[in-house]
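Thanks for making time. I will go through one model, from the overall fold down to a few single residues.

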Amino acid sequence: MPLPPQDAPAGLIRQLRPSDAPRFRDHLQRLDATARHDRFNGGIDDGFLERYAERCFGDGTTVIGCVIGDRVVAAAELHERPEFECPTGEAAFSVEHAHRRRGLGSRLFERLLLHARALGYDRLLVTTHADNGAMKALARKYDAQLEFDVGEAHGIIELAGVGPAGSAWASDHAVDGLAELPHL
Ligand SMILES: CC(C)(COP(=O)(O)OP(=O)(O)OC[C@H]1O[C@@H](n2cnc3c(N)ncnc32)[C@H](O)[C@@H]1OP(=O)(O)O)[C@@H](O)C(=O)NCCC(=O)NCCS
């Protein structure tokens, strides 16, 4: 159950360490069937999510989490897409149900954009199914140009035009800093 805001513990947005892999796995396994479908575009079982979490920390994926106490309650992933000629990353997001629509997805998106620029990516891809209104709203908020394929929405963000200089979202963040969220 979500805690009322005044009782909620402090949350922290930070890059997850390899030792956070079990916390990341637990976060993914707490996603319900709808969220798993929205995130992975298919029916996904716990075994897959366990292997997936391990793989993320083994293949150089950047995983940023919102950590409350000992729990990761939301995450943003930045995967390399080496098959493209220009340096390209792919982003994916998961916010546990109790913490949605409170700006967490946006905070994670902003943080992920900073990491993507720091890693020298020229563009960022976001893929979801065409009915995922939440992800489409989030992607549009950060100027993703969305295209629709059969059942899928593909977003592209050209990073050359995105902060940090002069951009409101980046002004109070730094890749190597910790963004504190007082009350989630
Ligand atoms: C998509 C997701 C990450 C959004 O997280 P969130 O923390 O709720 O996002 P925010 O609160 O920052 O909202 C971002 C914007 O999207 C809008 N939004 C959020 N949920 C929405 C919904 N269900 N329908 C329409 N708009 C929505 C918000 O109003 C906000 O816009 P605003 O700032 O202009 O008001 C979350 O819903 C989620 O984890 N879904 C399941 C997994 C998934 O779909 N992942 C994406 C595929 S990779």
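I will start with conventions, then take the fold, the ligand shell, a helix pair, the strands and some loop residues.

Conventions. What you see is a predicted model, in which local features need pLDDT of at least 70 and side-chain atom pairs count only at pLDDT 80 or more, while totals for chains, interfaces and linings use all residues. Residues are numbered from 1 along each chain as its sequence is written.

The fold. The protein chain has five helices and eight strands. Here helices are DSSP runs of H or I with at least four residues, strands are DSSP runs of E with at least two, and both are numbered from the N terminus. Read from the N terminus, the order is β-α-α-α-β-β-β-α-β-α-β-β-β. Of the 184 residues, 30% count as buried. A residue is buried if 20 or more other C-beta atoms lie within 10 Å of its own, exposed if 12 or fewer, and partly exposed in between, with C-beta atoms placed from the backbone. On contacts: two residues are in contact if their C-beta atoms, placed from the backbone, lie within 7 Å. Among contacts between residues at least 6 apart in sequence, 67% join residues at least 24 apart.

Next, the ligand. How many residues surround the ligand? The count is 22, and the closest are Asp 38, Gly 105, Ser 106, Ala 134 and Ala 137. The criterion is that a residue's C-beta atom, placed from the backbone, lies within 6 Å of the molecule. Four elements each supply at least two residues of this shell: α2 (33–40), β4 (88–95), α4 (104–118) and α5 (133–141). The largest share, six residues, comes from α5. By class, the shell divides into nine nonpolar, seven polar and six charged residues. In that scheme Ala, Val, Leu, Ile, Met, Phe, Trp, Tyr, Cys and Pro are nonpolar, Asp, Glu, Lys and Arg are charged, and the others, Gly among them, are polar.

Now the helix pair. Two packed helices are described by the angle between their axes and the distance between the axes. For α1 (residues 21–30) and α3 (residues 46–58), the axes come within 9 Å and cross at roughly 145°. Axes are lines fitted to C-alpha atoms, for helices over the stretch in contact, and angles run from 0 to 180 degrees between N-to-C directions. The α1 side of the contact consists of Ala 21, Phe 24, Arg 25, Leu 28 and Gln 29, which meet Asp 46, Leu 49, Glu 50, Tyr 52, Ala 53, Glu 54 and Phe 57 of α3. These contact residues divide into seven nonpolar, one polar and four charged.

The strands. β4 and β5 run parallel and are joined by four bridges; strands pair if DSSP finds at least two bridges between them. Within this pair, Gly 89 stands opposite Leu 124. In a regular strand the side chains alternate between the two faces of the sheet. Thr 88 lies in β4 and is partly exposed, because it has 19 C-beta neighbours inside 10 Å. Beyond four places in sequence, Thr 88 is in contact with Arg 81, Tyr 121, Asp 122, Arg 123 and Leu 125.

Is β6 (residues 145–149) buried or in the open? The number of buried residues among its five is zero, so β6 lies largely in the open. Five bridges join β6 to β7 (residues 152–158), and the two run antiparallel. Leu 146 stands opposite Gly 155 in β7. The two strands form a hairpin with two residues between them, and Gly 151 in the turn has a positive phi of about 75°.

Last, the loops. Most residues other than glycine have a negative phi, and most peptide bonds are trans. Arg 101, in the loop between β4 and α4, has a positive phi near 60°. Arg 101 is exposed, because 9 other C-beta atoms lie within 10 Å. Asp 143, in the loop between α5 and β6, has a positive phi of about 65°. With 12 other C-beta atoms within 10 Å, Asp 143 is exposed. His 97 also sits in the loop between β4 and α4, and its C-alpha atom is 8.5 Å from that of Asp 32, 65 residues away along the chain.
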